Amino acid sequence: MTADMLRAEDLDVGYGDTKVLESVSLAVNEGSFIGILGPNGCGKTTLLRTLSRILRPEEGTVSLDGREIADYSVRDLATRLGVVPQETGVPFAFTVREIVLMGRHPYLGPLSSLKEEDYAICRRAMEQTSTVHLADRLITEISGGERQRVLIARALAQQPKVLLLDEPTSHLDISHQIEVLSIIRGLTPRVTVIGVFHDLNLAACFCDRIVLMEKGRVVAAGAPEEVLTAGAINQVFGVGMMVRTHPLTGRPYLVPRYDAAPTANGGGLHVHIVCGGGTGAETMYALSARGYRLTAGVLSANDSDCTTAGALGIEVIGEPPFAPVSPASSAAYARLLDGADAVVVTEMPVGAGNISNLRALTGRQGLPIFVLAPSGTPFSERDYTGGEATAIFSTLCRDGAVAVRSVPELLEKLGDLAAVGE
Amino acid sequence: MALMLFLCVSVILATTIGSSGLSLLDLDPATIWMLLFDYRLPRVLAAVLVGAGLAAAGAAMQGLFRNSMADPYIIGTSSGGALGAAASIVFLAGAGIPVFAFVGATASTIVVYLISRRDGRVGVETLLLSGIAVSLFLASLLSLLMYIAGQSLHQIVFWLMGGFWNISWDDVGIASVILIGCFGLFLCGRDLNVISLGDEDAVHLGVDVERLKVALLLISSFITGIAVSVAGAIGFIGLITPHVMRLIVGPDHRVLIPASMMAGAILLLWADTFARTLFPSEIPVGIVTSFFGAPFFIYLLRSRTRT
């Protein structure tokens, strides 16, 4: 097996008595882009420093291009392995060109001077990283994003086979993060790249493989969609995530759930939410955080509110996409309304598919109904039923439904109701 | 090149400027020859060599410590040298001062290095701090020696101020070894550029950092040790010259070190020329360099362009 450009076997690394890495193994195919992820202090940077021979492992070996790195001379290693540090504090005012030319250092003796070839290599490295226009600027006077690109150019000038990057994007804004990662992505497959990242989504988008670390160990390694599962992220980071497929890249992307433990028990109140088209998400999240017993529906299964309800663990009456509300669903809906202590109608558009949800609300004496209308759009503008929905809304309001302008106001009104109930 | 030319002109001018109060034209050729060749020229050359050495060592230390406030004495050289010289004055009535100064200077550097060494590595910050600690310790010993020196206190104080009295051709011979050291530093120029970005960056760029540190410290303490033994601890040349030259020629050590050598030589030569001609009786050159150096340095700090 020589297809591995970089290989780490059973690495144990420690600072003094504290073990930072425990039997970490890693195999990196030539030409691939590997992202190392993990929480702070899990040993990502230590792993990188071990791979670049800054740290010597207590146990285990690292081999590069089929040879143990311990066998390379400092100079030889630098011609095969380039490292882009997180941030370099350069104390002296070197120009960007001078910094990039330093990438040729491992190829030069103390007395030899730079040849035309060296200049050409550096020029190419600067073209690849769009830093040519910075050549005469001082490294101390350019922005963080520019400096990061210059450091990548310097590493490229070493003409390495493997490039290690320590959180190359952590100090950058989102546009520079994407720019820098696109540059790095473009280096493969000529260069094998291993990077430590904090941003799960950027790593998922750009890396071929992900190595997930926790407490000095590798807990998962593989393609982004194999490694970045909600379960694994919850185990390693302790954060609830929803994993979706990015609509454009097809890569996984992760969104935090922002789960909060209920701050109140909601007085045992059962609230039914009539929503649709994404208008119910904020309400459902807020009410579930307050501990109300929630139900929702009837909703089409491909409605994003249905997804939200499912993710929040809210009982939903669902219909298959584009199907009309079935008699069974209507009956289930009626049963929920019979048992509900309050109903919230969100600012949803009403059409043939969901008008029955409104019809069922009329004539229910004693059921408090809250009509949420944050934007204040007249009913008629989201009425696609030719006036029936508007008419029902008028009836509901005449019969005592309460118009609510915002979710916090809704929480307040429901709070009053819960207090009365107790 | 301009610096080189200016240095040559300075050497000639400084040789002809004297404090004897006599016009050269009044003297017979033999006396002129003796005066110029036996007294002034060695002194001029020693000042040139010492100035060049201190400036080159200063440039190297500033690069190694990544700090333009570093100077060649930062690793304990001057206090070690001073202690050695004072010991010689107090205990041996001043015999072998240069030898003692050289040994003191280099020994203190080695001690500082060994204190800072851990697991085969030397942290730059540790080096800096142990340099300060060792210097303070040696300074206390020096104070003790001065306290018990009695009659010879005057001699110690004079030595500490630094100067080029009684420079002979032998001293010039010793001082010329400085040039070898400077060449060594020049060879490290490219490595110095890289290490000034940081130890780890330097390793990644193929520099054997620990070996380079040993080389730089050894060469610098060697140069400084010789400079101290020839002329005492002359301040500010090693601090200001590289700093100024970095503003002018940029931070590339392959240019900076030679440029600093020229500039250091010119500066110290003129400082010494002033020291021996400005007043009726000669004053220690260390006073001149500090008197002009410190305000100039403050001026630089407040008007930096390329730092």
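This is a short tour of a predicted model, stop by stop.

**Before you start.** In this predicted model, local features need pLDDT of at least 70, side-chain atom pairs count only at pLDDT 80 or more, and totals for chains, interfaces and linings use all residues. Residues are numbered from 1 along each chain as its sequence is written, chains are lettered from A and ligands numbered from 1 in the order in which they are written, and side-chain values use heavy atoms, with hydrogens and water left out.

**Stop 1: the domains of chain A.** Select 4–254 of chain A for domain 1, then 266–421 for domain 2. These bounds come from an automatic or database domain assignment. The centres of the two domains, taken over C-alpha atoms, are 51 Å apart.

Stop 2: Select β1(A), residues 4–15, and β2(A), residues 18–29. Helices (H or I, at least four residues) and strands (E, at least two) are DSSP runs, numbered from the N terminus. The two strands run antiparallel and are joined by 8 bridges. Strands pair if DSSP finds at least two bridges between them. Pick Leu11(A): its bridge partner in β2(A) is Val24(A). Now go to the turn. The hairpin has 2 residues between its strands, and Gly16(A) there has a positive phi of about 65°.

**Stop 3: charges over rings.** A charge sits over a ring if NZ of Lys or CZ of Arg is within 6 Å of the ring centre and within 35 degrees of the ring normal. Show Arg67(A) and Tyr72(A): the charged end of the arginine is over the ring, 4.2 Å from its centre. Then show Arg104(A), which lies over the face of Tyr107(A) at 4.0 Å from the ring centre.

Stop 4: Most residues other than glycine have a negative phi, and most peptide bonds are trans. Which residue does a cis peptide bond join to Thr188(A)? Pro189(A), with omega about 5°. Pro189(A) lies in the loop between α6 (174–187) and β8 (192–196) of chain A. Another cis bond joins Gly297(A) and Val298(A), with omega about 0°. Val298(A) is in strand β14 (residues 293–300) of chain A.

Next, select Gln159(A), in the loop between α5 (144–157) and β7 (162–166) of chain A. Gln159(A) is not a glycine, yet its phi is positive, about 50°. At a relative accessible area of 36%, Gln159(A) is partly exposed. Buried means under 20% relative accessible area, exposed over 50%, partly exposed in between (1.4 Å probe, protein chains only).

Switch to Phe236(B), in the loop between α10 (209–231) and α11 (237–249) of chain B. Phe236(B) has a positive phi of about 75° without being a glycine. Its relative accessibility is 25%, so Phe236(B) counts as partly exposed.

**Stop 5: helix α7 of chain B.** Select residues 169–187. The expected span of a helix is 1.5 Å times one less than its number of residues. Colour the buried residues, among them Asp171(B), Ile178(B), Cys182(B) and Leu185(B).

**Stop 6: an aromatic pair.** Over all chains the structure holds 5 aromatic pairs. Rings of Phe, Tyr and Trp (its six-membered ring) pair if their centres lie within 6.5 Å; planes under 30 degrees apart count as stacked, over 60 as edge-to-face and the rest as tilted. Zoom to Phe291(B) and Phe292(B): the centres are 5.3 Å apart and the planes at 85°, so this pair is edge-to-face. Phe291(B) is exposed at 57% relative accessibility, while Phe292(B) is partly exposed at 49%.
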